[in-house]
Amino acid sequence: MSTAGATADPLAALGALPGVADSVESVRKAVDRVYGHRIMRRRSNAITSEAALRGARGSAALSGADWALEEVRRRTDFSGDDEARTVGAALRLTAEAGQLLSIWRQSPLRVLARLHLVAAADQADQVGRPRQDGEPVDEPLVSLPLPSAAEAHGRLDGLAELIIAGGSAPALVTAAVVHGELLALRPFTSHNGLIARTAERIVLVGSGLDPKSVCPAEVGYAELGGEAYLEALDGYVSGTPEGMAAWIAHCGRAVELGARESTAVCEALQRGAA
């Protein structure tokens, strides 16, 4: 987050980058359209449940397990192979996220440790703690240079301080920075992508932008594709104003597509009730 400099509220400074305000406004309008749908007023729990399933599927796809939605829906055993375990981890993280909202603002590092524990419960001594020097990182898709363990720990502490301090930055900006920083650092030995996207979801829900969690950005990232995801992440890692703004815009577009997905679910339920 090098563009933040020494400002009192670095996340708010990112919100002032060219084009970011347009992304924030576009996301707000997309979210408002979902929440204004008549089906949301009657069956919001059903929309939330469906969004969770679709979001988990999208996040797993970005981590190398691109299953059809119906396959995710029908399966009960997620221990058979690496892809199945990835999908299972994504589903567990989605379910766990809602239980951690009240803890996030006070102790984000505790939440991240918990997310890793949930995602990677089979990795014994490496579970629930940041990686140490010399420990390999298993992260499909992301092949950026890996920061040292010491750098990752320091930047993770800095990110936690920003979250705890709060500020005036739009929820989209904070969520995008949390997502991008966790992907750049890959602070755990595994499942960093899944955890980064879950942490973004926690920010979007906890901020009040998407309180019922019906706008799954993970759906949007999967739809936009892994190549676009990595290109936008390169912009974040560059630390340039243009790169940071491009990453935030990419995250915003993903939220809009998630909102569109849930709007389509609302429409389908409305037709079924007609």
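How many residues apart are R155 and E151 in helix α8? They are 4 residues apart, which puts about one helical turn between them. This is a predicted model.

**The R155 and E151 pair**
- R155 forms a salt bridge with E151, and their closest N and O atoms are 3.1 Å apart.
- Helix α8 spans residues 149-165.
- R155 is partly exposed, at 28% relative accessible area.
- E151 is partly exposed too, with 37% relative accessibility.

**Other salt bridges**
- The count of salt bridges comes to 16.
- D66 pairs with R57 in a salt bridge, with 2.9 Å between the closest N and O atoms.
- D66 is exposed, at 57% relative accessible area, whereas R57 is buried, at 19%.
- R57 counts as buried because its 19% falls under 20%.
- D210 and R201 form a salt bridge, their closest N and O atoms being 2.7 Å apart.
- Both D210 and R201 are buried.
- Shared partners link E50, R54, E70, R73 and E261 into one salt-bridge network.

**Helices α5 and α7**
- Helix α5 covers residues 82-97, and helix α7 covers residues 108-119.
- Their axes come within 8 Å and cross at roughly 140°.
- That angle makes α5 oblique to α7, because only angles over 145 count as roughly antiparallel.
- The crossing of α5 past α7 is right-handed.
- On α5, the contact is made by A89, R92, L93 and E96.
- On α7, R114, L115, V118 and A119 make the contact.
- By class, this contact has 5 nonpolar and 3 charged residues, with no polar ones.

Key
Residues are numbered from 1 along each chain as its sequence is written. This is a predicted model: local features need pLDDT of at least 70, side-chain atom pairs count only at pLDDT 80 or more; totals for chains, interfaces and linings use all residues. Side-chain values use heavy atoms; hydrogens and water are left out. Axes are lines fitted to C-alpha atoms, for helices over the stretch in contact, and angles run from 0 to 180 degrees between N-to-C directions. Helices (H or I, at least four residues) and strands (E, at least two) are DSSP runs, numbered from the N terminus. Angles under 35 degrees count as roughly parallel, over 145 as roughly antiparallel, 65 to 115 as roughly perpendicular and the rest as oblique. A crossing is left-handed if the near helix is turned anticlockwise from the far one by less than a right angle, and right-handed if clockwise. Contact means heavy atoms within 4.5 Å. Ala, Val, Leu, Ile, Met, Phe, Trp, Tyr, Cys and Pro count as nonpolar, Asp, Glu, Lys and Arg as charged, and the others, Gly among them, as polar. A salt bridge is a side-chain nitrogen of Lys or Arg within 4 Å of a carboxyl oxygen of Asp or Glu. Buried means under 20% relative accessible area, exposed over 50%, partly exposed in between (1.4 Å probe, protein chains only).
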